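Subject: Structure handover

Hi,

Here is the structure for you to pick up. Please load it before reading on.

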Amino acid sequence: MGDVSRSEQSTERMIDRFSERGVLDGLVDTVRAGHSQVLVLRGEAGMGKTVLLEYLTGRASECRVARVAGVQSEIELAFAGLHQLCAPMLDHLEALPEPQRDALRTTFGISSGPPPDRFLLGLAVLGLLSEAAGQKPLICLVDDYQWLDGESAQTLGFVARRLAADPVGLVFATRVPAEGLSGLPELVVDGLREADARELLESVLVGTLDARVKELLVAETRGNPLALLELPRGLTPEQLAGGFGLLDAAPLSGRIEESFRRRLDALPAESRRLLRLAAAEPSGDPLPVWRAAAALGISVRAAEPAVQADLLRLGARVRFRHPLARSAAYWSAAPDERRRFHAALAEVTDPAADPDRLAWHRAAAAPDPDEDVAAELERSAERAQARGGLAAAAAFLERAVLLTPDPARRAVRALAAGEAKHQAGAPDAAAELLTMAETGPLDELGRARLSRARGQMAFSVRSGDAPLLLLDAARRFEELDARPARETYLEALTAALSVADRRSAVGGLDVARAALAARARADGARAPDLLLDAMATLIADGYPAGAPAMRRALGVFREEDLPVGDQLRWLFAATRCSIDVWDGEGWLELSGRQVELARSAGALSLLPFALTQRLGALLRAGQFAAATAVADEILVIREATANNAPDLGTMTLAGWQGRSEEALGLIDRHVRDMKARGQGYAVSLAHCTAAMMCNGLGRHEDALASAELAIDHPEELAFASLALVELIEAAVLCGRPERAAAAAERLTELTRPSGTGWGLGVEARSRALLGEGAEAERLYREAIDRLSATCFRSELARAHLLYGEWLRRERRRSDARGQLRTACAMFEGARMDPFLDRAGRELRATGETARRRTMIVGAGKLTAQEVQIARLARDGLSNPEIATRMFISARTVQYHLSKVFAKLGINSRGELGHTLPNDHDPVPAG
């Protein structure tokens, strides 16, 4: 890949660029010293970015230098740039963790396997560069980033943000600002200063030139070195003498390209043909170029004039003077001639070694629609998709659409291309292709797929149209294939509960009834089928009918060895359903398994959502240290993957700890954002969190108001149901028993059918608030007994608190102290600070002083990242495992651990447990 963009001067005789060279010298020094540095060189074509990269290469003695350059015609060949950069380093593959190693093997076609998650691939490349740099400092140069294939550009942009304590320099050269590089350190390469521009111009002029024309050239080129070197070439003395050859309003890059075209026209005809042929083979491999030239009757000697004119450079690769020279050569050929070149190159391309490049050449050679070529492109798309190259797969399919002669087959391919574009994150192109498919003669299966694709696209942006579109797709599938029909009903139901927009034409009840009506025609009882039936029954027929079905479905997810694909796809819904039926153990277990599977499979796109569910379960279980680690991991993933999904974890944790100003600010932003998106589920969670926090703080009027908002969408279940518990407590404690009684009746309808300790325990606790005398005491004791048998220690702590408060009001101070001491100890361990303060106040009111345990001094010296790494190391994770969690290299983990040891005055991981704050419990394996 890549062309040469070098002035006729060597880098040793480079004019000006003193400040730029100083920056590059500093980068080399930093890498040699064992640290990473990233730099983006940005400037328009011809400004000398590649010359600066050549300078950097010359300065990088004692460093290993790896180079790659984007080529415009290869922009849609998946991972082409990444493969060229990493191929020389693949001997370090075995040092990587297995998921990362498998991701690279699959991506580069070394072995087969499921398409790797794009963030796992980025982590694998980061690890590979780090391992290679362990032998010798490494500098990676990426030229013409704007033409790098999308997958490679995305991966390298990810890596650039995660380099830390690795002796790796990563330098990008690009013409235009790139979204994938935004926020990285940037050096803008502008034109030369006027005096230096004049000196460069004079160094290549033959004969004398009028001073005014020189000034015009310098002004017109704005100090662009390549323009200063190229624009005077090909102009006659008369044109130069008067300056009339320079009067062109075209963009500078176009004028430079025109200069190359003039130089091309001056070559012998056979040399022009060879240059045009070489321009059609972007890989730079000389073998296919010479073989195709021989087939076209072009002599090897035809290269000599092109080399002498400094348009072409021959060696291990065939390189052009500049990408604009390649462009000038390629587009100067007539369309028929370009097709002949591609046909000749297709004939000499090895179908076994490079089938995708063969398909691309054949497509470029096709004058008319051609089914054989379209089918070949379709096979290339399948190969790209198997490697995780979604953008490339979409590009192959899109070209296949244009070459398909049969209208029906063209519509099917347009549908597949639209689905691929959606998966690749190109919604506008996807919508256009789906519209093209819709106008074609699709069969019923195609119509069902089309509707599902539109529904999935709508759901990805949380549109209220998603449930209706997915429901339509499910009904279409019903007559054709029960399995996709059932899966699409489950997608539609999940969308209806998640979007929960009352403006939607279809809600959860509509989807549930439709799914139940279709159940009779379904075969088999896979886990997702059971989950669908249970969800639909719960929503359509109520808790007495739906809870037993849900227990059976969740039992299958918890106890049976289901395919990993099914678990990854449906565990999020199953975990959510465990909350619906008050199954705390299911919530804790399924969320843990979901996180574990997402990590082991490298499904990093799913991991933030799985971790958010895990966070809620851990907080209710009183495992604050584990919950904090999960919240930290969510933040790391969000930062590493530029995930803009709502950060429910930070909001929930702030509410749990009673950081009211921060929590309420986050809640307010979430509610406004979610309402704008039409997501009621997240709105219920936000208001429920506010209600819980305000109850802990003793602000029961505010708690009641938030709980009322949370239960405003009862069809959403989950946190709308959990908010009833908060509402009852708030209403009783602010003197609204009648409101609490109504909520208690509704809560009973939801908890009794569940039969779980959590559900029956919080119901008893809530009814005790409304009771009096012996009945109230019986209910408090029942709540404590039932909740003691569950994993949710926070719920048990609140039962002890409420019982203690009741006992104090009954003037049974001694009994109250026992309950309140227990509550204080549990709240302190769970770091439920608002409730701890409330219990402390109650305990002091009984005449006893509550004391908090002190924290070991020392951890406050650590940065947030060091604390995260120290916790994970303390809990037994290896450096590679910590690196995977933190999206950094294992070398960076060791660097931070050495700083942790020095700050805490310890020498080993074994001592971390004694020096970190003692209120942190171990992180469970899940």
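Below is what was found, from the whole chain down to single residues.

**Overall**

Please keep in mind that this is a predicted model. The protein chain has 926 residues, and 58% of them are buried. It holds 46 helices and seven strands. Take the contacts between residues at least 6 apart in sequence: 69% of these join residues at least 24 apart. The accessible surface is about 36500 Å². Carbon and sulfur atoms account for 51% of that surface.

**The second largest pocket**

Rolling a probe the size of a water molecule over the atoms shows where empty space is left. The second largest pocket has a volume of about 850 Å³. Its lining counts 30 residues. Closest to the centre are His83, Ser283, Ala353, Asp354 and Arg357. By class, the lining splits into 13 nonpolar, 11 charged and six polar residues.

**Helix H18**

The buried residues of H18 are Val373, Ala374, Ala375, Glu376, Leu377, Ser380, Ala381 and Ala384. Their cover includes H17, helix H19 (390–402) and helix H20 (407–423).

**Helix H36**

H36 covers residues 719–733. Its 15 residues should span 21 Å, and its end C-alpha atoms are 21 Å apart, so the two agree. Of those 15 residues, 13 are buried, so H36 is largely enclosed by the rest of the structure. Gly735 follows H36 and has a positive phi, near 80 degrees.

Most residues other than glycine have a negative phi. Asp144 has a positive phi of about 50 degrees. It is in the loop between strand E3 (138–143) and helix H6 (150–162). Asp144 has a relative accessible area of 6%, under the 20% cut-off, so it counts as buried. Arg811 also has a positive phi, near 65 degrees. Its place is the loop between helix H40 (793–809) and helix H41 (813–830). Arg811 has a relative accessible area of 75%, over the 50% cut-off, so it counts as exposed.

- Glu337 is in helix H16 (residues 335–348). It is buried, with a relative accessible area of 12%. Leaving out residues up to four places away in sequence, Glu337 touches Arg273 and Arg276.
- Tyr55 is in helix H2 (residues 49–59). It is buried, with a relative accessible area of 12%. Tyr55 and Leu24 are 31 residues apart along the chain, and their C-alpha atoms are separated by 8.4 Å.
- Leu468 is in helix H23 (residues 466–478). It is partly exposed, with a relative accessible area of 41%. Leu468 and Ala492 are 24 residues apart in sequence and 7.7 Å apart in space, C-alpha to C-alpha.

Best regards

Note on methods. Residues are numbered from 1 along each chain as its sequence is written. This is a predicted model: local features need pLDDT of at least 70, side-chain atom pairs count only at pLDDT 80 or more; totals for chains, interfaces and linings use all residues. Side-chain values use heavy atoms; hydrogens and water are left out. On a 1 Å grid over the protein atoms alone, a cavity is a set of points where a 1.4 Å probe fits but cannot get out, and a pocket is an open set with protein on both sides within 12 Å along at least five of seven lines; lining residues have an atom within 4 Å of a point. Grid points are joined across faces, edges and corners, and a volume is the space filled by probe spheres set on the points. Ala, Val, Leu, Ile, Met, Phe, Trp, Tyr, Cys and Pro count as nonpolar, Asp, Glu, Lys and Arg as charged, and the others, Gly among them, as polar. Helices (H or I, at least four residues) and strands (E, at least two) are DSSP runs, numbered from the N terminus. The expected span of a helix is 1.5 Å times one less than its number of residues. Buried means under 20% relative accessible area, exposed over 50%, partly exposed in between (1.4 Å probe, protein chains only). Contact means heavy atoms within 4.5 Å. Accessible areas come from the Shrake-Rupley method with a 1.4 Å probe; for residues, only the protein chains shown count as cover.
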